[in-house]
Amino acid sequence: MIVIGGGIAGCATALELARAGMAVTIVESGPVGAQASSANAGSLHAQIPHDPFRNLGEAWARNYQPAIRLLIASLGIWKGLEADLGADLEISFGGGLLVATTEAEMAEIEVKAAIEREAGLAVEVIGRNAIRERAPYLAEQAIGGAFAPAEGKANPLLVAPAYARAARAAGVEIHANTGPASVRRDGEAYVVEAGATQWRAPRIVIAAGSRRGELAAQLVTPLAIEAVPIQVSVTEPAAPLVPHLVYCAGQKLTLKQSRHGSLLIGGGWDAALDDQGRPQVDPANLAANLRVALAMVPAIGSLTIVRSWAAFVNGTDDWLPIIGPLPGHAQAFVCFVPWVGFTGSPAAAKLTADLVLGRPPAFDVPLAPFAPA
């Protein structure tokens with residue numbers, strides 16, 4: 001078995017397969033876990049993202065419900081992941097708090113929370129007094145919101161390397177820094193080439209970030225996956241202030257505080273591209289992101305931003321994961337969770353391994369909505 005991609009999705013899938021007794025090789029174009037797996041802000045999500053809910057509507061949100069079930073299953077894995085991988089990943093579950101500042105936003109949150117509950121997510125809609133008691137650090141403009149206790153955070157710089165170590169210990173052969181790979185079918189085998197090296201196997205898993213679509217297209221089954229440049233900032237360490245993963249219903253914001261005191265500020269603000277197509281920080285969007293954060297949590301105003309960075313996040317228009325065999329390629333599998341891949345990849349990897357091995361799914365999650373077809 002060859003797994004193309006050495007991020008969390010690829011390493012987690014390889015680990016599952018190796019633990020089941022399969023010989024596995026990972027081919028990774030760069031350093032292991034160096035792309036979206038480590039460049040994200042470390043949020044562990046389960047709520048329906050509010051921005052697409054507002055823009056795409058209730059019908060879209062109901063279509064998204066299977067993804068919520070996948071994320072719930074993945075959060076269950078995250079709870080035991082440090083013990084499983086034998087590593088401190090700085091995981092904590094303080095809950096996710098979606099904040100409203102207007103009655104119209106509260107009405108949207110009520111509808112969205114009902115859809116989330118239908119999918120099995122515990123969500124509590126809270127008013128002004130309750131949010132003030134639970135999150136006294138919020139500005140006075142916060143009039144309520146939704147609280148999902150299952151959500152949390154982890155350190156993305158630690159997770160992919162821990163998965164890679166565990167995979168190697170289970171017998172996985174990892175080839176990093178190979179340069180971009182290509183794939184083709186040769187009879188009953190798949191041939192993966194990178195640089196001057198070639199690997200052959202009867203089965204492959206494509207878990208290579210935004211290149212999943214390009215690699216699938218090489219097997220004449222293109223996937224509509226896009227790479228979107230976004231940016232994140234981190235502050236100097238501060239005294240404990242924000243125990244939750246904070247969202248804003250009206251504007252783009254995610255905000256959380258790490259174990260070491262730094263606050264990570266993001267929310268999906270667009271980054272720019274340089275003349276070589278590489279993501280770079282957009283100063284105007286950086287300023288706008290920080291204004292939203294400061295308006296929501298005024299106490300951060302005295303802190304210094306020590307770093308801002310840009311990276312690609314990989315997405316699809318419908319926000320649904322893509323998990324399963326490619327049409328016409330029963331032994332070529334895709335493992336992909338768009339937009340919130342940091343959260344969802346552990347469960348997606350288990351389900352992908354189940355499909356490869358022909359065993360029953362590990363979770364009660366419908367796979368038909370995620371089929372590459």
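A: Buried here means under 20% relative accessible area, exposed means over 50%, and partly exposed is in between (1.4 Å probe, protein chains only). This is a predicted model, where local features need pLDDT of at least 70, side-chain atom pairs count only at pLDDT 80 or more, and totals for chains, interfaces and linings use all residues. Residues are numbered from 1 along each chain as its sequence is written, and side-chain values use heavy atoms, leaving out hydrogens and water.

The search of the whole structure turns up 14 salt bridges, each a side-chain nitrogen of Lys or Arg within 4 Å of a carboxyl oxygen of Asp or Glu. One of them joins Arg19 to Asp84, with 3.1 Å between the closest N and O atoms. This pair links distant parts of the chain, 65 residues apart: Arg19 belongs to helix α1 (residues 8-19) and Asp84 to helix α6 (residues 81-85). Helices and strands are DSSP runs, numbered from the N terminus (H or I, at least four residues; E, at least two). Both partners are partly exposed, Arg19 at 44% relative accessible area and Asp84 at 38%.

Asp186 and Arg200 meet through their side chains at 2.9 Å, N to O, in a salt bridge. Asp186 is partly exposed at 33%, and so is Arg200 at 48%.

Next comes Arg278, whose salt bridge with Asp274 brings the closest N and O atoms to 2.7 Å.

Now for the helix, α12 (residues 341-357). Its 17 residues should span 24 Å, and the end C-alpha atoms are 23 Å apart, which agrees; the expected span is 1.5 Å times one less than the number of residues. Even so, α12 has a kink of about 30 degrees centred on Ala347, where the bend is the angle between axes fitted to the seven residues ending there and the seven starting there. Because 14 of its 17 residues are buried, α12 is largely enclosed by the rest of the structure. Gly358 follows the helix with a positive phi, near 70 degrees.
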